[in-house]
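Here is a brief report on aromatic rings, charges and nonpolar packing. Please keep the structure in view while reading.

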Amino acid sequence: MAAGGGSPSIVEYFGGEDGYRCGYCKNETGNLSHGMWAHSMTVQDYQDLIDRGWRRSGKYVYKPIMNQTCCPQYTIRCQALRFQTSKSHKKVLKKMLKFISKGDVSKVVSEEEPMDSHIEDVVSSDFAYKSESQVSQTELTPLNEDHAEGAENEDKDNVETNVKKVESGSLQIPVDKDAAGPGEPSHSSKTVHAPPKPGKGADLSKPPCRKAKDIRKERKLQKLLQNQMGTLEGSPLQAGHQALLSQNSKTPTNQPKSIEDFIFVSLPDDAPHKLEVRLVPVSFEDPQFKSSFNQSATLFAKYQMAIHKDTPSECGENEFTRFLCDSPLEAENPPNGPECGYGSFHQQYWLDGKIIAVGVIDILPYCVSSVYLYYDPDYSFLSLGVYSALREIAFTRKLHEKAPDLCFYYMGFYIHSCPKMRYKGQYRPSDLLCPETYVWTPIEQCLPLLELSKYSRFNQDAKAVDEGRIKDLGRVRVLHKRTIMPYSVYKKRRKGPSDEASVQQYASLVGQTCSERMLLFRS
């Protein structure tokens, strides 16, 4: 496992939510999902959950009911190491470069939609917050060792393997560090770790691009030299002309520019603008985060009111904090991880001393996950949505240098049934997550299926099943009355009606690995 915290994840599962308003097709009750409240969560658990179709909004973690919801939302990831900029991406990068270096404010309309992950459609409805847990911290803190031992005695067949003791007031749960997420071919795939191949365009199935002008010059030169060769046959100059022909007939090294070539270019000393991107941990204990909070919150309100037509009461500091500052992820900084560590961060875009955009991201063991982006509407002409996405892909590639397993950029959900949300598929190469077997499939193979049906199983192997499915419900971890125990023990202790159906549903959605690692809170 790439990362692992000392304290386990603690979650409350609420089951399937009633239908709520869809932000894409505007259906008032068509958006359906499963939800749970995360009191705390390790980055590895969240990585495994998003690889099973979950996403977070603040501390609320939800999973669309794919075969019932009006607009199925497929988890999408970009293979950052192999990413190649398209023409429209280059336009955005050049536009920003011209603005910073020359002050050019050419307001060319971007060909792509802003790179918001559109979680605001979830958060703007009441459902994301109505389930906020009112459980006190005392109930989540286990008691001393004796209480754990009391639970062990109720299931003597599982004394050592199924109940973990509490030591020194903290939860000590060993984690299998070799366990990767089940049904996770991305972690074992060799191709994803390959560096970008030079000479390839955005479409890897096409040959390298060459300018028509260069081809004409080459042909003209070849013809000229061939004519001269006829008169030089057998002369001492023949070898020299053959060498010249060979040298000039080589294909020009016209490799496409990478994102880094546009971003990290040297600027003139008299450049009219200065852009700085700062990575700030989401923590009120961090001085940078704390000092910039008011400016960041004000920008969020300005964006929400201008772009999403929120009222001031819908985007105040409390809403901003719950949505984009509260995170269940526990910060981790292992020696083999990136220098910034894992957890939740704000990438602040400072232009000439003020924040003009903030990209909210989670840095996880295998990816950078885009949570949200908000920006100053006054700078819409800079296509900050697309620009920030490209910066985040470049950032993922940078983190990969220190953390080799971290090589993907997760863009949230791809929604094919909503045309304006298809832009995420333009960041190639990308994969979509099969909603039934949780195996990644190249987006090119998925699109024809989605044209036929808005809900589709991408894994074409009819015999394939969810390899991470629940196999032993009794091994699900439960936190009950401040004591950790397996579900097999909890079921014997429980009084009142059975909750086995709810626990079974929870375990099937999070998978066997997470269900044995996370703690399911039961009152």
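## A polar contact at H346

A polar contact is a pair of N or O atoms within 3.5 Å; within protein, one atom must be able to donate a hydrogen and the other to accept it. The model here is predicted. In it, the backbone oxygen of L324 lies 2.9 Å from a polar atom of the H346 side chain.

H346 belongs to strand β9. Is H346 buried or exposed? H346 is buried, with a relative accessible area of 0%. Leaving out residues up to four places away in sequence, H346 touches R278, L279, V280, V282, F289, S296, F320, L324, C325, V358, G359 and V360.

## Aromatic pairs

How many aromatic pairs does the structure hold? There are 20 aromatic pairs. Take Y13 and Y506: their ring centres are 5.8 Å apart and their planes stand at 50 degrees, so the pair is tilted. This pair links distant parts of the chain. Y13 is buried at a relative accessible area of 7%. Y506 is buried too, at 0%.

Y349 and Y387 form another pair. Their ring centres are 6.4 Å apart, with planes at 65 degrees, so this pair is edge-to-face. Y349 sits in strand β9 (residues 343–351) and Y387 in helix α12 (residues 384–402), so the pair ties together parts 38 residues apart in sequence. Both residues, Y349 and Y387, are buried.

Ring pairs also build a cluster. Its members are F284, F289, F293, F300, Y303, F320, F323, Y372, Y374 and Y375. F289 and F320 are also among the residues that H346 touches.

## Charges over rings

Two arginines deserve a look. The charged end of R77 sits over the F408 ring, 3.9 Å from its centre. The charged end of R278 sits over the W350 ring, 4.1 Å from its centre. R278 is also one of the contacts of H346.

## Nonpolar cores

The largest nonpolar core has 120 residues. Which members touch the most others? They are M36, Y372, Y374, Y427, L432, Y506 and M518. Helix α12 gives the most to this core, with nine residues.

Neighbours within four places in sequence aside, M36 is in contact with V11, E12, Y13, F14, L49, W54, K59, Y60, V61, Y506, V510 and M518. Another core lies apart from the largest one. This other core has seven residues, among them I10, L140, L479 and I484.

Methods: Residues are numbered from 1 along each chain as its sequence is written. This is a predicted model: local features need pLDDT of at least 70, side-chain atom pairs count only at pLDDT 80 or more; totals for chains, interfaces and linings use all residues. Side-chain values use heavy atoms; hydrogens and water are left out. Rings of Phe, Tyr and Trp (its six-membered ring) pair if their centres lie within 6.5 Å; planes under 30 degrees apart count as stacked, over 60 as edge-to-face and the rest as tilted. Helices (H or I, at least four residues) and strands (E, at least two) are DSSP runs, numbered from the N terminus. Buried means under 20% relative accessible area, exposed over 50%, partly exposed in between (1.4 Å probe, protein chains only). A charge sits over a ring if NZ of Lys or CZ of Arg is within 6 Å of the ring centre and within 35 degrees of the ring normal. Contact means heavy atoms within 4.5 Å. A nonpolar core is a set of buried Ala, Val, Leu, Ile, Met, Phe, Trp, Tyr and Cys residues joined through side-chain atoms within 4.5 Å.
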